[in-house]
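Hello,

Here is the structure we talked about handing over.

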Amino acid sequence: VAGQTGKTHFPFPYQPYSIQEQFMQALYGALDQGKVGIFESPTGTGKSLSLICGALSWLTDYEEKRRQEAAALLQEGEAALSTPTAQSSITSSSAEPDWITDFVQKKAERDLVSKLKVRMEELKRKKREERLEMIRNNIQLKYTMKRKVRHIKEPRHEKMTPKLFCEDDEALKLLKLSEEDEELIIAEYDSDDESKSKSMFHGAEDDDDDLVEEHVTKIYYCSRTHSQLAQFVHEVQKSPFSKDISLVTLGSRQNLCINEEVRRLGSIQRINDRCMEMQKNKHGEKKPHPEEGVKRKRGPAKTACPYNKVSALQQMRDEVLGTVHDIEQLLKLGKETHSCPYYATRLAIPPAQLVVLPYQMVLHEATRKAAGVQLKGQVVIIDEAHNLSDTLSCIYSAELTGAQLCRAHSQLAQYADRYKSRLKAKNLMYIKQILFVIEGLVRVLGGECKVGQNPQSQTNQTGTNMFTINNFLFKAQIDNINLFKVLQKYFEKSMISRKVISSADPQGSVETEKVLSASPMMQVEGFFMALTTSNTDGRVLLHKEGTLSESSIKFLLLNPAVHFAQVLKECRAVIIAGGTMQPVSDFKQELLFSAGVAEERITEFSCGHVIPAENILPLVLCSGPSGQELDFTFQNRDSPHMMDETGRILSNICNVVPGGVVCFFPSYEYSRRIISHWEASGVLARLANKKKVFQEPKKANQLEQVLSEFSRCIQVKVELGLNGALLFSVVGGKMSEGINFSDELGRCVVMVGMPYPNIKSPELQEKMSYLDKHLPHSGGRSPGQALIENLCMKAVNQSIGRAIRHRGDYSSIVLCDRRYSRPATLSKLPTWIRDRTSTCTTFGPAFSAFNAFVLFSCLDKTLYLLALGNL
């Protein structure tokens with residue numbers, strides 16, 4: 001790739017590792033050639049900096065290349081303007097037929113117009129860069145702050161203030177959200193009608209210089225969590241590009257709102273609803289009452305958000321573009337400038353060169369439109385993408401309970417009854433259609449929509465059934481309803497999702513507050529949207545419990561490629577990156593080939609780790625200290641002998657390893673059973689004598705406390721020369737992803753058994769059946785079987801990768817199950833682990849190798865001897 005692009009040197013904050021140079025060269029080539037790249041670089045190898053420096057180097061070179069091309073075109077245009085026109089040369093040749101003369105003349109005119117357009121774009125680009133530079137030099141900021149202090153009540157003098165973007169009447173529309181905004185399936189973001197979206201994110205012409213807020217060429221970087229996005233932004237701040245790049249970080253209202261009254265509402269949906277209500281109040285507060293002298297009915301005070309002011313938002317937008325900020329810094333800046341970070345960052349999207357945002361805002365089409373994210377011709381980098389397929393499936397799946405359906409029916413019926421005299425006949429017809437569909441959904445759950453009847457009191461037989469979309473529509477007797485039209489004509493246009501709530505309880509009671517936290521009409525809208533999916537690509541799971549209230553219907557997306565295809569089609573290049581992307585084959589087949597991506601457009605890059613080979617010891621244990629074979633299949637893992645042998649293995653490991661040991665179990669249920677067995681047999685007490693024992697908490701809000709105590713215990717124990725701590729965790733749980741067990745926190749990671757997913761799950765069985773039907777078989781295994789193995793090994797790879805986090809780190813990895821020794825299973829480990837893995841059929845040689853590794857890897861031999869003083 002380096003040879004093809006000619007790029008071998010990249011700006012970097014320090015001397016990069018060789019694998020980082022290779023990564024950046026491959027990335028540069030993929031972007032330059034418009035590829036879909038799968039990039040694997042283990043955590044601790046500087047992946048984020050490699051992405052930043054490689055991608056921004058390409059963007060810088062690309063923009064420079066466009067400047068040079070524009071300059072060349074401008075020279076041609078100026079030369080054409082200064083010479084006799086094409087018309088004079090045409091008229092001199094009377095031999096040519098008129099239609100040829102006409103064609104040549106029009107072509108010359110078109111070429112001239114194109115060159116003039118290029119000239120205008122170049123002038124706009126130069127002005128934008130000049131003004132961004134002025135912001136970076138704080139010229140505008142200093143002036144604005146001085147003016148704010150001295151003339152806070154004086155009218156604005158436009159000519160005195162340099163402007164980055166337009167500030168006319170059209171710009172005011174940027175800050176307004178119409179009543180036609182649609183609520184999304186994902187309740188973090190609101191959606192806008194496409195025409196409104198265009199007016200929101202494309203400003204009108206500036207009075208002075210005809211400058212337009214256009215989408216410049218940019219890179220969209222997305223990851224799973226806001227903490228991962230914050231880490232990425234901090235890496236950008238440390239990079240050589242930090243002073244020159246225009247970066248904006250996007251988030252939900254829940255993350256970016258600074259209005260304490262709204263923030264206190266807590267839930268995403270209630271924050272969204274309150275914000276939208278305040279926008280409506282702002283736009284309606286200037287309208288006088290039509291009948292003067294007539295008193296209006298007393299009701300709750302309608303307040304507008306004080307942070308949504310045009311001038312303040314524009315000031316914050318300019319500062320966001322001038323300096324790199326993470327979300328915490330955006331919140332601080334918003335409070336200082338008294339402006340809303342949520343709307344200011346959305347205004348900053350078009351001119352930004354690097355947009356940092358969560359997965360959903362890129363992967364979900366309606367959310368993209370709502371946020372003003374335009375992918376046409378742009379670059380998208382999806383980091384932490386090992387679960388991209390599952391993420392897409394979850395985003396586009398939807399679920400409704402019987403309780404939600406009954407509540408939605410009740411609210412909508414009350415709304416229709418109250419306003420039936422004021423509703424148009426067509427709107428009333430759509431309301432009746434929605435009520436009819438809800439009634440059909442309740443019927444298939446074994447209940448009825450009766451006025452005043454509690455769904456909790458309606459009982460039915462339990463059971464689970466799977467349907468294709470068409471069969472489900474027939475089963476519910478709603479196949480004659482055009483859901484596309486219902487969604488388009490009524491949900492989007494009338495904002496019924498919000499209106500029915502306010503009309504059902506206009507006094508704003510406690511019950512209304514509860515409803516707002518999870519609006520059932522929003523859920524109904526999402527489910528209707530899911531039912532418009534192609535019959536082949538989705539299924540509906542009907543799950544009946546003892547009561548209608550607890551029963552549910554769930555839409556399952558089986559083909560995530562159908563939604564990813566649009567991203568792949570629109571973007572210039574897409575980079576899918578992660579610390580562990582293995583196994584890649586099913587990933588390519590399910591997400592890329594199925595989306596219509598040709599093999600030649602896909603490029604792959606995988607590198608090893610920066611740690612020396614002697615800093616890691618991966619071992620496959622086939623048997624324990626007493627000779628018991630380690631086979632944690634579902635039939636054998638509950639055997640007392642197997643559980644006791646696992647205890648002996650951990651006891652030996654804890655005797656030798658100083659610092660932290662993290663032990664992963666395949667499920668919460670098995671973790672509970674084996675720990676209960678150890679409590680009864682005394683194994684847990686013996687382990688506690690060697691290391692303080694911690695368990696992964698059941699509640700997410702307790703995670704930070706457990707990790708803090710685990711870390712503090714290890715630090716104190718190591719300082720005192722003692723043996724550290726032991727942490728029991730679960731594969732796929734709260735600690736298997738995103739948590740770093742670096743240095744003393746994870747000197748050994750133990751994997752007990754193989755975490756295969758529940759094969760009896762109806763969702764998984766349907767997914768396997770779908771893959772077997774639509775994907776090719778390879779290697780003697782069906783795609784469904786491959787899915788099971790790949791899900792297992794992806795989970796293993798994520799868990800065992802928690803320990804090695806930087807070049808100087810070291811750790812041992814113990815895989816306790818003979819099945820790990822199978823070549824097909826070993827091949828799915830990350831290359832940097834697989835190449836160093838040893839398989840031990842007996843425990844003696846394994847323990848000797850393990851003991852030697854710990855002895856010679858320990859950084860402080862004296863501390864190590866103190867730690868082993870009792871042996």
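Is Arg-648 buried, partly exposed or exposed? Arg-648 counts as partly exposed, at 37% relative accessibility. The cut-offs are under 20% relative accessible area for buried and over 50% for exposed, with partly exposed in between (1.4 Å probe, protein chains only).

Before the rest, some ground rules. This is a predicted model, in which local features need pLDDT of at least 70 and side-chain atom pairs count only at pLDDT 80 or more, while totals for chains, interfaces and linings use all residues. Residues are numbered from 1 along each chain as its sequence is written, and side-chain values use heavy atoms, with hydrogens and water left out.

Salt bridges

A search of the whole structure gives 24 salt bridges, a salt bridge being a side-chain nitrogen of Lys or Arg within 4 Å of a carboxyl oxygen of Asp or Glu. Side chains of opposite charge can pair when their charged atoms come close.

Arg-648 is the partner of Glu-645 in one of these, with the closest N and O atoms 2.4 Å apart. Both residues belong to helix H28 (residues 640–656), where they are 3 residues apart and so separated by about one helical turn. Helices here are DSSP runs (H or I, at least four residues; strands are E, at least two), numbered from the N terminus. Glu-645, at 0% relative accessibility, is buried. Elsewhere, salt bridges with shared partners link Asp-638, Glu-669, Arg-672 and Arg-673 into one network.

Glu-277 is partly exposed at 38% relative accessible area, whereas Arg-274 is buried at 14%.

Arg-317 and Asp-318 also meet through their side chains in a salt bridge, at 3.2 Å from N to O. Both Arg-317 and Asp-318 are buried.

Cysteines

A disulfide is a covalent bond between the sulfur atoms of two cysteines. The rule used here asks for a pair of cysteine sulfur atoms within 2.5 Å, and the count by that rule is 0.

Cys-748 is in no disulfide either, as its nearest cysteine sulfur, in Cys-654, is 8.2 Å away. Cys-275 is buried at 13% relative accessibility, and Cys-748 is buried at 0%.

Regards
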